[in-house]
Amino acid sequence: MPELLIDFITSLDGYAAAEGWPGWWGLEGPEYLGWLGEAPEADYTVLMGATTYRVMSGFSAASEPGTEPLAGMSKIVFSKTLREPLAWANTQLVARDAVESVREMKAGESKSMRTIGSLTLCRSLLNAGLVDRFRVVVFPVITGSTGRERIYDGYPDVALDLISSRTFDGRIQLLEYVPTVLSGPPHS
């Protein structure tokens, strides 16, 4: 069965972006960019919502470092507001319910999937029990006054079993988990 990986980049205080800051908070380093260049999960289909599509396709069009591998990857954007044709190469528009579409893809296709950004989409997929792996890359910055898009607001309680970790450039942390959605705090 194909895997579904949720893939986030975040500030230490849990923001997906910050007002006025560049991509990766300007803290991407050669090891991290090298890892991105290796295109981990390059054969996975990338899933995203309309907001992430607009941001990431803009970064790609501006040749933002680290976005090159995404151009050749198969991408699906779930949106009822975007219209075809989409400018970013290898991107398919799906206007149907994302949870049902991903459920069908997991049941019927052999290709694994990963998200990029797309906070609402990720929350929905996690709530539906469709997520197999959860990866977070934590950048060493706190953006308390400029931070935008708190990642985990509205999430259910989730237990995370660590399966992998790595440090890039002596400061950027990659953490991979298997998530389990909880019905509430664990009982002692």
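A: The account below starts with the sheet and then turns to its surroundings.

This is a predicted model, in which local features need pLDDT of at least 70 and side-chain atom pairs count only at pLDDT 80 or more, while totals for chains, interfaces and linings use all residues. Residues are numbered from 1 along each chain as its sequence is written, and side-chain values use heavy atoms, with hydrogens and water left out.

The open sheet has eight strands in the order S5-S4-S3-S6-S1-S7-S10-S9, and the pairing is mixed. Strands (E, at least two residues) and helices (H or I, at least four) are DSSP runs numbered from the N terminus, and two strands pair if DSSP finds at least two bridges between them. Strand S5 (91-94) and strand S9 (158-168) each have a single partner strand and stand at the edges, so one side of each is left without a neighbour in the sheet. On average, neighbouring strands are turned by 25 degrees against each other, direction ignored. Angles are taken between axes, which are lines fitted to C-alpha atoms (for helices over the stretch in contact), and run from 0 to 180 degrees between N-to-C directions.

Within the sheet, strand S3 (residues 45-49) pairs with strand S6 (residues 113-115) in the parallel sense over three bridges. Thr-45 stands opposite Met-113 in S6.

H2 lies across S3, strand S4 (75-78) and S5, and runs at about 110 degrees to S3.

Thr-45 and Met-113 also belong to the lining of the largest cavity, together with Ile-76, Met-105, Glu-109 and Lys-111. On a 1 Å grid over the protein atoms alone, a cavity is a set of points where a 1.4 Å probe fits but cannot get out; a pocket is an open set with protein on both sides within 12 Å along at least five of seven lines; and lining residues have an atom within 4 Å of a point. The structure holds one cavity of 30 Å³ or more, and the space in the largest cavity is about 30 Å³. Grid points are joined across faces, edges and corners, and a volume is the space filled by probe spheres set on the points.

The largest pocket has a volume of about 1100 Å³. Its lining comprises 49 residues, of which Thr-52, Met-56, Ile-116, Gly-117 and Ser-118 lie nearest its centre. Elements that give two or more residues to this lining include strand S1 (4-11), strand S7 (133-139) and helix H1 (30-37). H2 gives the most, with six residues.

Rings of Phe, Tyr and Trp (its six-membered ring) pair if their centres lie within 6.5 Å, with planes under 30 degrees apart counted as stacked, over 60 as edge-to-face and the rest as tilted. The ring centres of Phe-8 and Phe-134 are 5.8 Å apart and the planes stand at 70 degrees, so this pair is edge-to-face. Phe-8 lies in strand S1 and Phe-134 in strand S7, so the pair ties together parts that are 126 residues apart in sequence.

Key:
Contact means heavy atoms within 4.5 Å.
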